[in-house]
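Let's walk through a protein model together, one piece at a time. Have the sequence and the 3D view ready, and take your time with each stop.

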Amino acid sequence: AKMSLKLQKRLAASIKDCGKGRIWLDPNEANEISMANSRFNIRKLIKDGLIIRKAVKMHSRSRVRKNLDAKRKGRHTGIGKRKGTREARMPTKVLWMRRQRVLRRLLRKYRQQKKIDKHIYHYFYRHSKGNCYK
């Protein structure tokens, strides 16, 4: 003789401002709960602890973290895992800019330390732009 507590669950969910899945109705007090047919009565049952809003379930990121650690080691990055083109994943322009900035920083440092004069600096600067140095 199991009675339907659909109404009570719906009202409780509305009162407690959550989904029906998070509402716990005391199975031992099913008779008393089934008598409650109004929000007022449901509030009373909530106060008495016969109806409870359950805690939010955990959404663990442990698997994500594990996968990211493996990715850092270079796993799961084969051809089958790639969606974008090589250019989309790491633009050659970005690589070029990085390389230029490294070389130019080096040249500025050498010029400032007087390891090279401004003429040699200019020569190397131009050649680095012309892709003479890796």
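We start with His 76, which counts as partly exposed because its relative accessibility is 40%; buried means under 20% relative accessible area, exposed means over 50%, and partly exposed lies in between (1.4 Å probe, protein chains only). You will find His 76 in the loop between α4 (62-72) and α5 (86-89). Helices (H or I, at least four residues) and strands (E, at least two) are DSSP runs, numbered from the N terminus. His 76 has a positive phi of about 55°, although it is not a glycine. Most residues other than glycine have a negative phi.

A word on what you are viewing: this is a predicted model, in which local features need pLDDT of at least 70 and side-chain atom pairs count only at pLDDT 80 or more, while totals for chains, interfaces and linings use all residues. Residues are numbered from 1 along each chain as its sequence is written, and side-chain values use heavy atoms, with hydrogens and water left out.

Now turn to helix α6 (residues 92-112) and helix α7 (residues 118-129). Two packed helices are described by the angle between their axes and the distance between the axes. Here the axes come within 10 Å and cross at roughly 175°; axes are lines fitted to C-alpha atoms, for helices over the stretch in contact, and angles run from 0 to 180 degrees between N-to-C directions. That makes α6 roughly antiparallel to α7 (angles under 35 degrees count as roughly parallel, over 145 as roughly antiparallel, 65 to 115 as roughly perpendicular and the rest as oblique).

Which residues of α6 are buried? They are Gln 100, Leu 103 and Leu 107. Seen down the axis of α6, these buried residues fall within an arc of 70°, so they line one face of the helix; the arc is that of the directions from the helix axis to the C-beta atoms. An α-helix has 3.6 residues a turn, so residues three or four places apart point the same way. What covers the buried residues of α6 includes α7. On the other side of α6, Arg 101, Arg 105 and Gln 112 are exposed.

From α7, pick out Ser 128. This residue is buried, with a relative accessible area of 1%. Leaving aside its neighbours within four places in sequence, Ser 128 is in contact (heavy atoms within 4.5 Å) with Trp 96, Gln 100, Leu 103 and Tyr 133.

Between α6 and α7 there is a loop, and Lys 114 is found in it. At 72% relative accessibility, Lys 114 counts as exposed.

Finally, look at another pair of helices. Helix α1 (residues 6-16) and helix α3 (residues 39-48) pack at an angle of about 75°, with their axes 10 Å apart. That makes α1 roughly perpendicular to α3. On the α1 side, the contact is made by Gln 8, Leu 11, Ala 12, Ser 14, Ile 15 and Lys 16, and on the α3 side by Arg 39, Ile 42, Arg 43 and Ile 46. The buried residues of α1 are Gln 8, Leu 11, Ala 12 and Ala 13, and what covers them includes β1 (23-25), α2 (30-35), α3 and β2 (51-53). Just after α1, Asp 17 takes a positive phi of about 60°.
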